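Hello,

Here is the structure I said I would pass on. My notes follow below it.

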Amino acid sequence: MAPVTHPSPANQTDVHKARGRGAGLLLPLLALTSALVWWKGETWLRTLLLYLSRAPWARSIVTGFGPIWSMVKRFVAGESVDEALATAKQLQAEGMNVAVDYLGESVRDASEAGDARDQILLLIERIRPSGLDAYISVKLSQLGIKLDENLALENLRTILRSARNAGVRVRIDMEESALTEITLDIYRRLRDAEGYDNVGIVIQSYLFRSDVDVQQLIAEGAWVRLVKGAYKEPATVAYPAKKDTDAALLRQIEAMLSPQARAGGARVAVATHDDAIIDAVIAFAKRNGIQPSEFEFQMLHGVRRERQRSLAAQGWQMRVYLPYGTAWYPYFMRRLAERPANVWFILSTYFQA
Ligand code: FDA
């Protein structure tokens, strides 16, 4: 097996080259951010971080700040497939499975989308003999959906064919709401019309439409990951208040765990770090005689590691979402937005560096 090499599309970050640049700009940016947060509050910082996750100028400042890698490493397994699989083996030794994600999104041309597809094909080839219980997660923007829907469809079809031959499942991550409808269309076309039964989907509970989507997916016997949602969405499509998203997530989990949903073959991954929801799901499962084998918990690599281990030790299925690759910037910024306190950690790292 040839070693996996990374593509170097222009929109991806070569971490090694970038390290060392940008430190001079990051400090004023963080100082300005601190002042604005003190003035405007944390919700505002979350909005700013999500904006920065999409801003090319911010990408070059943040990725040019050398010490940032020590923070990124908490969320990203490494830059190579070897590092990802080594981490997966450690997690498996602790009783956890993985969903491996080759990082990348919003490619700029068909050749970048093809590079991403090829890297994912190599990942599948590496998973096959590894003995790991690992599936892969992909983003349609990584496969070219913003350029041409047929390009993304064809790239995903190639991945699904290879994954099916290797006995590997593939989950389509869900991105911003502008892509929800087309993502569901492509998922259904490949799964239902073309018979790829190794593909699953993600539903974001913060979207108003999701209760209906969940009911439809239950009727289809789908394999669904439920998440709260990580993008900045307008109040016309998503709940602005966290309590409404939390309630929707629990409502949708309970629907997917209903006897009728389970009997029809629907399977749910409960993807959250929220103790209140995890505890409610465990209580619901116990009350209704639902076995640990009938659903799984999922968490992100590097987030709430103790809870990951304790759930696995208690006999619940736990799968860790494990990203790797050089294009970590937008993924990392969304993780900061979920917990803005991490920004202060970066500031303190700067002063210690
Ligand atoms: P919430 O944000 O309320 O956090 C609960 C607690 O968890 C926090 O109080 C904190 O203690 C801890 N925590 C959460 N995030 C943290 C972080 N980044 N750093 C440190 N602590 C943190 N989204 C999406 O839009 N499309 C997708 O395809 C996916 N895929 C996906 C897969 C998996 C396996 C997970 C776990 C999550 C996703 N997400 C996602 C992200 C998801 O939408 C959501 O943004 C995060 O999971 C954070 O929400 P929580 O449910 O954890 O609750």
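Axes are lines fitted to C-alpha atoms, for helices over the stretch in contact, and angles run from 0 to 180 degrees between N-to-C directions. Helices (H or I, at least four residues) and strands (E, at least two) are DSSP runs, numbered from the N terminus. This is a predicted model, in which local features need pLDDT of at least 70, side-chain atom pairs count only at pLDDT 80 or more, and totals for chains, interfaces and linings use all residues. Residues are numbered from 1 along each chain as its sequence is written.

Helix 3 (residues 42-52) and helix 15 (residues 329-338) have axes that come within 8 Å and cross at roughly 175 degrees. The two are therefore roughly antiparallel (angles over 145 degrees). Arg-46, Leu-49, Leu-50 and Leu-52 of helix 3 make the contact (C-beta atoms, placed from the backbone, within 7 Å) with Met-333, Arg-334, Leu-336 and Ala-337 of helix 15.

Helix 10 (residues 210-219) and helix 11 (residues 242-256) pack at about 10 degrees, with axes 10 Å apart. These helices are therefore roughly parallel (angles under 35 degrees). From helix 10, Ser-210, Asp-211, Val-214, Gln-215 and Ile-218 meet Ala-248, Gln-252, Ala-255 and Met-256 of helix 11.

Arg-169 sits in the loop between helix 8 (149-166) and strand 3 (170-172). Leaving out residues up to four places away in sequence, Arg-169 touches Tyr-135, Ala-163, Asn-198 and Gly-200. The C-alpha atoms of Arg-169 and Tyr-135 are 5.0 Å apart, although 34 residues separate them along the chain.

Regards

Technical notes:
Two residues are in contact if their C-beta atoms, placed from the backbone, lie within 7 Å. Angles under 35 degrees count as roughly parallel, over 145 as roughly antiparallel, 65 to 115 as roughly perpendicular and the rest as oblique.
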